[in-house]
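Here are my notes on this entry, point by point. Please read them alongside the coordinates.

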Amino acid sequence: MTDGWHLVIGLEVHCELRTETKLFCGCRNMFGDEPNTNVCPVCLGLPGSLPVLNQRAVELAMAIGTALHCDIRPSTFHRKNYFYPDQAKDYQISQYDEPINVDGWLELPDGFRVRIERAHMEEDTGKTTHAGASGRIHGADYSLVDYNRSGVPLVEIVSAPDLRDAAQARAYATELRAILVASGASDGKMEEGSMRVDANVSVRRSPDAPFGTRCEIKNLNSVRSLGRAIEYEAERQITLLEAGEAVEQQTRHWDETAGRTETLRSKEEAYDYRYFREPDLVPVVPDPEWKAAVADTLGLMPAQRRARLTELLGQGTDAVDGRRDQVATVVDLGLDDLVVEAAAAGVPVTLALARTANEAATDAEAARRLDLGAYVALLTMEAAGSLSATQSKAVLGELLAAGGGDPAVIARAKGFEAMSTDSLTATVAEAVAAEPDAWARYRDGEDKLAQVFVGRVMKATRGQANGKAVVAELQRLRG
Amino acid sequence: MTAAPTATEVASAVRSGTVRAATVLEGHLAAIDAAEAGIHAFNLVTREQARSDAAAVDAAVDAGHDPGLLAGVPVALKDNLCTRGVPTTCSSAILAGWRPPYDATVVTRLRRAGAVVVGKTNMDEFAMGSSTETSATGPTRNPHDLDRVPGGSSGGSAAAVAAGFAPIALGSDTGGSIRQPAALCGVVGMKPTYGTVSRYGLVAFASSLDQVGPFARSVADAALCFDVIGGHDEADSTSLNRPTPRVLSVLDDGVEGMTVGVLAEFLDGADPVVVARARAAAEALAAAGARVEEVSVPEVALALSAYYLIAPAEASSNLARYDGVRFGLRVDADDTVAMNTATRSAGFGAEVKRRVMLGTYALSAGYMDAYYGKALRVRTLIIEGFARAYQRCDVLLGPTTPTTAFPLGAKVGDPLSMYLSDVCTIPTNLAGHPAISVPFGTDDAGLPVGVQLLAPALAESTLFRAAAVVEAAAPDGSGRGGGTT
Amino acid sequence: MTDGPARITRDEVAHVARLARLHLTDAELELFTGQLAVILDHAADVATLDLEGVAPTAHAMAVTNVLRSDTPRPGLDRDEVLAAAPDVEDHRFRVPKLLGEAP
Ligand SMILES: [Mg+2]
Ligand SMILES: [Zn+2]
């Protein structure tokens, strides 16, 4: 970022919960249905209707709180009053001063901890479509409202202003998305609006200076937009300040096409929401048993899964540091079970991690469906030297395409018969005979000259020999 | 003039097959035809649907099925109870012609018990008022004196029962809207414990205070209706999930050994004749074996102020949805803010606007703590005050209203004086407790006087036992008065 | 006792009317300002009380954890819903021009 300036970023993430029904009524929580087909008196805000809280939504909110190390507390709902046509009752039911989750943290892959201030439940609004060519609110003659999304359960996760640059904000959003998916709370589909991010951005001259005036940026519907918007907004604020002007506290809108933020409203226009306790609902008071039951349903979170791989790799070595990206990739893609299973079956962890992060990851969707047994069998063959790296990758391609299969059968079909030990011994002997000078130096301890013979053997076998097996034979000959 | 049959009498005759539901209905429709024009108890008489419902009850009787506890009993519904496909207007222009796509839970329960809905009754607009004069369809008149108000906000329901249009009507009581008109019209009116009767399908005024309850010409009929409409409802989160008191079976148990507290604060400022009637009712309870003493709950003096902050605050939010987008009135304008504003300005009457603004103000930034926040704390004081009284007393007694029915137009220009007519009924709404108004004689002009009994939460059985004793001791022509066919 | 809030002004009433999406004529504004002031004066007995240490009561009956199972239930028929609407287009509720995003 611009020299001499430091960014302060806090993120508010709205996550749609993966429930069957809405937060306060039995209508289906379903994206993409025909407009106004999943509606009832409650989510249309018809006179006389009353909300009843969805237990599953509460438990998913508690799952999020657990995954984010929050204190799960007795909570109440408030009404946030404002007029807008997509808000069926003209108030939003939201948790205000007593949210269900408070004071947690999220750990980024590099170990940095971002504090979570709160993660509270609230309902989504309907969807407004603006008539007119632009599809934007400005310039539209009128708008159309679909209430299918009205009342869909949301958890709003508010971070402390702990993030210091766009990359860190992106890492946070990526990690949070992974946690939401892993906890079963969300499908993480940002393009369908399942996860929506608002960013609070300010700048200051030094990391110890008080926070500057912040702006809130709305409408960030991808991790990429988040990064771009923060960078744009920081530049904008810095330019203002360097010109001797002040930053005005504003809510701003990210225009993805134009690549810039625009004013939505200033602080002076801040709305008076007239919050008060929702009299139609009663408090939610989770007891220790309920909390424990929810925690029991949680699988491992990404940070725990990364730690599991790091532990497998061994303690505090270069082996770990050099493979952080591979670890992050397989966990991010949900492929870490492949590594863990292969390692448990005796495959070297580094091999399992490399194949998974480099090859399996190229088609993560197929890899997640891949038969674990077949994958383990393949890597076992490679580790044992019965398949070369090149051959193993080719067989893996077939396995991914087919979703499974017997790697031995595929290898045979591809003509990857492993070389017999006799045949390998003979070929290595030929290579040694063909390079007497190199052999002499190798025998005297110049290990790197092994590559001369490996190259010859590979050439002679058209790549079918296993490099490790060749080196092992050379070492045997050297005695 | 012959006294109209009670609901208990109708149901028993229809169930035993001695009287046809259709005959009962036609008798009541004839009463409506004869007198409704002068009273305006109804916004809508659902003649044809009532006839087919009555026929269905008769068919059930013919087929040997039990048609239910309210078989063939004509029932009038306050027009803030949702009725599927039948206009539900809250007596507001903003909902004129709106047909809800669903029935309120209490309506479903009444129908299941064999009741025959005869119509939707007039009310103060959105239940905001104490005289039924804020109705967009014009005022209801008191059947005892057509120049006087029936009380409100459930004035149409009270008048319908008093006039013999139906033995039972439902109303809603947020600050006295059942008990006050019951007192002014000379009928029984009961507000249940908050949470014992479902609010699902009751168009909200003030959600933490609203409760549906019965009007009837006898305590037994009110008990019968309460037993039918009460009980847990999963569609209302504030509905209590515990056995609802079944009151019909304890009606004759008397008050022997009960302690009745005459509530000093309710006597202060009431008309002498009303005070005299309340004292007479207390004496009747003493004569029946109760111990009667004076009690004081000074906190109730704060109730009116707290109520006129809490109820408008909740109402300002509950009434936001009348915005011209999804249902009801729309007044067109160039943009949505202007459309919302034009719609609401044209659709709401003055009293609704006044309370929406009062509530918006009480909740707005800067005033929330001073007004709404304080009012919720006063509510705690009132509950504690009552709890103290109920350590000594089983029921409390006092007037239902400080005066008998006042002339139409007497208070419409002075909101505060109108609000003061609810001074004796509001405290129980804030506490969530049950209370009942029983007719007990008249004033010198022959206007009915109501005596109010109050009981702790869920003590409906105690309440009804005491009410039955008061009713039995009521001067001639008041206890079962009014109805003529 | 503490000092109560200052008497409501005509400007405040106008502001509150805007918040509540109500248009008041000058005469209504005048009338309502006076009436609200009288009601709020009466409420001063509450507004000026020192209630430090008294817990607020939002619900008279203390109940917790009222929950519904996450089981879909049929909603309303779309045609019936839209038939009640003042203006409809393309199976959606039509509203006039919007002047801004939701607050
Ligand atoms: Mg939010
Ligand atoms: Zn719904």
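Predicted model: local features only at pLDDT ≥ 70, side-chain atom pairs only at ≥ 80, totals over all residues.

**Notes on the model**

1. The four donor atoms around the zinc ion (ligand 2) subtend angles of 98 to 116 degrees, so the arrangement is tetrahedral.

2. Residues are numbered from 1 along each chain as its sequence is written, chains are lettered from A and ligands numbered from 1 in the order in which they are written, and side-chain values use heavy atoms, with hydrogens and water left out.

3. The zinc donors are the SG atoms of Cys25(A), Cys27(A), Cys40(A) and Cys43(A), at 2.3 to 2.4 Å. A donor here is an N, O or S atom within 2.8 Å of the metal (3.2 Å for Na, K and Ca); water is not among the atoms, so sites may look incomplete. The donor spacing in sequence reads C-x1-C-x12-C-x2-C. Cys25(A) and Cys27(A) are both buried (under 20% relative accessible area; exposed is over 50%, partly exposed in between; 1.4 Å probe, protein chains only).

4. Also in chain A, strand 8 (residues 127–130) has Thr128(A) and His130(A) on its covered face, and Lys127(A) and Thr129(A) on the uncovered one. Strands are DSSP runs of E, at least two residues; helices are runs of H or I, at least four; both are numbered from the N terminus. Four bridges join strand 8 of chain A to strand 9 (residues 142–146) of chain A, running antiparallel. Lys127(A) has Asp146(A) as its bridge partner.

5. Chain B holds an open sheet of eleven strands, order 1-3-2-4-6-5-10-11-9-7-8, with mixed pairing. Two strands pair if DSSP finds at least two bridges between them. Strand 1 (42–45) and strand 8 (291–295) of chain B are the edges, each pairing on one side only. Strand 5 (residues 188–191) and strand 10 (residues 435–442) of chain B run antiparallel, joined by three bridges. Gly189(B) stands opposite Ser437(B) there.

6. Is Thr83(B) buried or exposed? At 1% relative accessibility, Thr83(B) counts as buried. Thr83(B) lies in the loop between strand 2 and helix 4 of chain B. Its side chain makes a polar contact of 3.2 Å with that of Thr88(B) (N or O atoms within 3.5 Å; within protein, one must be able to donate a hydrogen and the other to accept it, and residues adjacent in sequence count only if both atoms are side-chain atoms).

Notes:
Tetrahedral: all angles 85-135°; square planar, octahedral: opposite > 155°, others 65-115°.
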